[in-house]
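Please look through the sequence and the model shown here. The paragraphs that follow lead through a strand and some aromatic pairs.

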Amino acid sequence: DFNFIEFCTKYKLHSILTYNTLNLLDRLSVISLDKSFQKQTKLKFLVSSQHLIHFIEHNTSYALLVRTLLRTYGGVFEEELRINIQLLKKKTGLNETEIFSQLKALEHHGLLSALFIKQDLSITFIKPREDKYTLNPLKKYVLDYQHNKLKKAEAVVNYVEEDSQCLQNYILKYFGETPTHTCGRCSYCLNQSNSKLKESREAYTKVIKQSILTFLNEKDYTSKEIIEHCKFPKHLVLETLQLLLEDQKIKLTAKNTYKTII
């Protein structure tokens, strides 16, 4: 059993790098890594079986768990044994919290000694543990692995910073495929679409401006008359009139009509 957090703390190791290294050793079949992440419990009864039976007769709430332990683990009076909590849950119908609570209470009463272990990982050494013989032949693979990891990281950074092509096409090219069309959904495509929409809107506004100015060259008109003449959507004509006022191309007269500024 291997407590990962304690290991990193003791040797002052970076947890992510350490975990990735363990996974690499597992991939290389140097070790076998079991990521079980569970609590383990070891316990031993400190009193005789007669004393224990007498206790549960007067404290019946502990009877089910104690009797299950006695039936399942015969040597629990002689030595400290590892207890399978999942098996106890199945046999007693109690949940994990209830089991641990009762075990701690029994320990408090001096009936047993219990060791509760939070297991992070379990490691099995597959090859001999002499580093120079085990790891040196794997040096080239490890260096290649590191190089590939860096290339992938660079590709991710380039993807995030990419602003010259469709991002879906960028991914397709990365995996050796040939794109046939843009996706229309990524940030690049949306920006392109918004840019074209903006250009189209600006061109449309320019046409409305010219139409209004040409109409006002004849004489002054009200906004209602301008809207009826130009045949453009009312809200766009009103917005364009406001723009022309701001640009000082037209002005509002005392009669509430618009006229061009020469």
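A residue counts as buried under 20% relative accessible area, as exposed over 50%, and as partly exposed in between, with a 1.4 Å probe and protein chains only. The model is predicted, so that local features need pLDDT of at least 70 and side-chain atom pairs count only at pLDDT 80 or more, while totals for chains, interfaces and linings use all residues. Residues are numbered from 1 along each chain as its sequence is written, and side-chain values use heavy atoms, with hydrogens and water left out.

Helices (H or I, at least four residues) and strands (E, at least two) are DSSP runs numbered from the N terminus. Strand pairing requires at least two DSSP bridges; β1 pairs with strand β5 (residues 122-125) in the antiparallel sense over four bridges, and Ser-122 in β5 is the bridge partner of Asp-34.

Rings of Phe, Tyr and Trp (its six-membered ring) pair if their centres lie within 6.5 Å, and planes under 30 degrees apart count as stacked, over 60 as edge-to-face and the rest as tilted. By this rule there are eight aromatic pairs. One of them, Phe-7 with Tyr-11, is tilted, at 5.2 Å centre to centre and 55° between the planes. These two residues are four apart in helix α1 (residues 4-11), and therefore separated by about one helical turn. Phe-7 is partly exposed at 28% relative accessibility, and Tyr-11 is partly exposed at 47%.
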